[in-house]
Amino acid sequence: MTYQEEFIEFLVRCKALKFGEFELKSGRIAPYFINTGMFDTGSKIKTLGTYYARAIQEHFGDNFDGIYGPAYKGIPLCITAAAALSDMGLDKGYVFNRKEAKTYADKSAVVGMPLTSATRLVLVDDVITSGKAIRESLEILKACNTPRVTGIVISVNRQEKGKTDENALKEVEKVLNIPIFSIVTISDITAYLHNKVMDGQVILDDAMLEKINAYRKEYGSD
């Protein structure tokens with residue numbers, strides 16, 4: 001299997017990917033839901049880091065200095081991805097922001113590797129909707145010697161419309177002028193899981209695929 005196919009099975013087995021009926025923050029009723037909070041053990045978060053590391057290496061090679069994770073969900077992501085990259089022969093730094101500034105001792109807004117204007121960072125996050133958290137992170141980094149964010153890696157591209165008919169991620173890419181890559185897309189997920197049996201159970205049957213296709217016909221955007 002490719003690492004993307006392995007990642008899809010990992011999502012299912014961790015129950016981080018579910019099919020059914022879910023109300024999203026946007027108010028849309030989606031037939032699938034991705035909950036990265038389900039990576040709740042040492043082995044799961046370690047494995048998740050390896051998939052981020054492989055995506056980072058695929059898209060950036062050795063052309064970056066460290067990984068930045070926005071608090072809070074991005075903190076374990078940047079640490080485990082950096083650890084996995086080290087196992088792959090790429091020893092890179094990591095850094096994350098504090099949610100609240102300290103008023104004593106080390107008062108830096110971030111924790112981790114030193115940052116300069118020449119530092120090239122890859123930002124990691126779980127998913128992106130409006131890009132608000134990313135913009136907040138960029139503002140924080142401006143106050144930390146303005147390192148350069150060369151790209152962003154997320155877990156799943158839902159391939160949905162944003163505020164316009166354009167793909168939400170492409171909208172954010174244009175606003176930030178930063179390329180965004182995902183480990184997998186919802187198209188990858190449905191293509192791989194349709195009628196696939198895992199642990200004696202069909203994960204995505206014809207009826208559920210029909211619901212997903214109907215949802216994507218209304219809200220989808222590649």
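**Aromatic pairs in their setting**

For 222 residues, a compact globule would have a radius of gyration near 17 Å; the protein has 18 Å, which agrees. The model is a predicted one. Along the principal axes, the C-alpha atoms fill a box of roughly 55 × 40 × 30 Å. The chain forms seven helices and ten strands. Of the 222 residues, 49% are buried. Among contacts with a separation of 6 or more, 70% join residues 24 or more positions apart.

The surface comes next. Its accessible area is about 11300 Å², and carbon and sulfur atoms supply 49% of that. There are 28 positive and 29 negative side chains. The centres of these two sets lie 5 Å apart.

Now the rings. The count of aromatic pairs is nine. One of them joins Phe22 and Phe33, and this pair is stacked. Their centres are 5.5 Å apart, with 25 degrees between the planes. Phe22 belongs to strand β1 (residues 17-23) and Phe33 to strand β2 (residues 29-34). The two are eleven residues apart, and the pair links distant parts of the chain. Phe33 has a relative accessible area of 31%, so this residue is partly exposed.

Tyr215 and Tyr219 make a tilted pair, because their planes stand at 50 degrees, with ring centres 5.0 Å apart. Both sit in helix α7 (residues 206-219). They are four residues apart there, which means a separation of about one helical turn. Their burial can be read against the 20% cut-off. Tyr215 has a relative accessible area of 6%, so Tyr215 is buried. Tyr219 is at 22%, so Tyr219 counts as partly exposed.

Ring pairs also build a cluster from Phe7, Phe10, Phe39 and Tyr51. Phe7 and Phe10 lie in helix α1 (residues 3-13), and both are buried. Tyr3, Ile8, Glu9, Leu11 and Val12 of α1 are buried too. What covers these buried α1 residues? The cover includes β1, α2 (42-60) and β7 (148-157). It also includes β8 (180-185), α6 (186-193) and β9 (197-198). After α1 comes Lys15, with a positive phi near 60 degrees.

Ser137 has a relative accessible area of 2%, so Ser137 is buried. Beyond its neighbours within four places in sequence, Ser137 is in contact with Tyr68, Pro70 and Leu123.

The peptide bond from Ala71 to Tyr72 is cis, with omega near 5 degrees. Tyr72 lies in the loop between β3 (66-69) and α3 (74-87).

Gln159 is not a glycine, yet its phi is positive, at about 55 degrees. Gln159 is in the loop between β7 and α5 (168-176). Its relative accessibility is 8%, so Gln159 counts as buried. Asn195 also has a positive phi without being a glycine, at about 60 degrees. The loop between α6 and β9 holds Asn195. At 41% relative accessibility, Asn195 counts as partly exposed.

Methods:
Residues numbered from 1 in each chain as written. Predicted model: local features only at pLDDT ≥ 70, side-chain atom pairs only at ≥ 80, totals over all residues. Heavy atoms only, no water. Rg over C-alpha atoms; globule rule 2.2 N^0.38 Å. Buried < 20%, exposed > 50% of the residue type's maximum accessible area, 1.4 Å probe, protein only. Contact = heavy atoms within 4.5 Å. Areas by Shrake-Rupley, 256 points an atom, 1.4 Å probe, with all protein chains shown as cover. Lys, Arg positive; Asp, Glu negative; His and termini not counted. Charge placed at Lys NZ, Arg CZ, Asp CG, Glu CD. Phe/Tyr/Trp six-rings, centres within 6.5 Å; stacked < 30°, edge-to-face > 60°.
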